[in-house]
Amino acid sequence: MAELGSKGVTAGKIASNVQKKLTRAQEKVLQKLGKADETKDEQFEQCVQNFNKQLSEGTRLQKDLRTYLASVKAMHEASKKLTECLQEVYEPDWPGRDDTNKIAENNDLLWTDFHQKLVDQALLTMDTYLGQFPDIKSRIAKRGRKLVDYDSARHHFEALQTAKKKDETKIAKAEEELVKAQKVFEEMNIDLQEELPSLWNSRVGFYVNTFQSIAGLEENFHKEMSKLNQNLHDVLLGLDKQYSGNAFPIKAQPRKKTKLFARLRKKMSSDSTPAKANKSPSPPPDGSPITSPETKTVNHELEPSTLEAPGASIPKSPSQSSLPAVVVETFPATVNGTVEGGASSERADMPPGFLFKVQAMHDYTATDSDELQLKAGDVVLVIPFENPEEQDEGWLMGVKESDWIQHKELDQCRGVFPENFTERVQ
């Protein structure tokens, strides 16, 4: 019997709920069609709009905070791997090894503590703040349903009162249902009318506390991390002082044409005329002179010839152009030791084709016979390549200034050198 009674109650409750849903649906249709008036509360509707905005902003803040925490965790892992790498490459006999291990340990603890405090003081607070919204949202929806029930009961009571044939029993029952519906609605409405404005105003304090906590935690974290970084800097500085002679080497760009001068000298050594046997080139077959006050001859490793008497000229003999080893270079004429033609005395003291000066910033050990050996501080006079196709990227041709001043000769002194070992000074 008890079981049947329980089933009967359940069935009756279900039927009652179904009837309420039908009544609400009919009431909403009539209200939308304008055939039934609807109780309005603009102040409450504004509170609901504020509630929805507050919920949306809080949900977004929670999402971004979780993203921030994920980033902190990723940075922790990256920092941990970096310090582990330092520990692995830091050799046992280097000074400060124990200090680097301690720094790495403290680094890991600092990141862990920072992440955990962010969870406790920001994320959990955020979760608690948002935890109150689902219940209030559910009560707002229920309040809306009770308002429809109240309007429906009110319209039913009014219809019975205005009917031509009045049934006092039905009117009394309808009035009783109206009072009951009104009471339920007003109780929920009053509670929400108090809670929603209070909840809306609480957002300011919550945002302040949340971001103050995050900012304070970040500030303390970076202060402690700065101390660790300074300790690591001091340890590495000590390592650098002890091994200062083993600085990281600066490498030159690889060369594709490393045998430039080797090939040149080999070609010259195969010439029938010895390299320095005769400092004056042989005259052309027709016996014409080849020098003048304005010209001189350079035969690669041969020294400049003595200038002939003024007034001599270069004959336009076809045989002269047939000399493959003779290069004729034109220099400004001089009168009483003064250079004419506007050329500066500084340029006159420089090697032919002088471009600019550079100074070696690092030592460079030549790896081929056509390269210059450089010491930090050496000044090099840069000149163009005779054949531009011989120039490799990142390499220059030049002669050390000290060699040029002493010998005034290019063939034995010039060579190529890596540009990144030098700095332009003029």
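Buried, in this talk, means under 20% relative accessible area, with exposed over 50% and partly exposed in between, using a 1.4 Å probe and protein chains only. Strands are DSSP runs of E of at least two residues, helices are runs of H or I of at least four, and both are numbered from the N terminus.

What you see is a predicted model, where local features need pLDDT of at least 70, side-chain atom pairs count only at pLDDT 80 or more, and totals for chains, interfaces and linings use all residues. Residues are numbered from 1 along each chain as its sequence is written, and side-chain values use heavy atoms, leaving out hydrogens and water.

The chain has eight helices and nine strands. Of its 426 residues, 31% are buried.

Now the neighbours. Two strands count as paired if DSSP finds at least two bridges between them. Strand β6, residues 379-383, runs antiparallel to β7, residues 395-400, and four bridges join them. Val-380 has Lys-400 as its bridge partner in β7, and Val-382 has Gly-398. With β8, β7 pairs in the antiparallel sense, again over four bridges; there, Leu-396 stands opposite Phe-417.

Finally, the whole sheet. It is open, with five strands in the order β8-β7-β6-β5-β9 and antiparallel pairing. The edge strands, β8 (415-418) and β9 (422-424), each pair on one side only.
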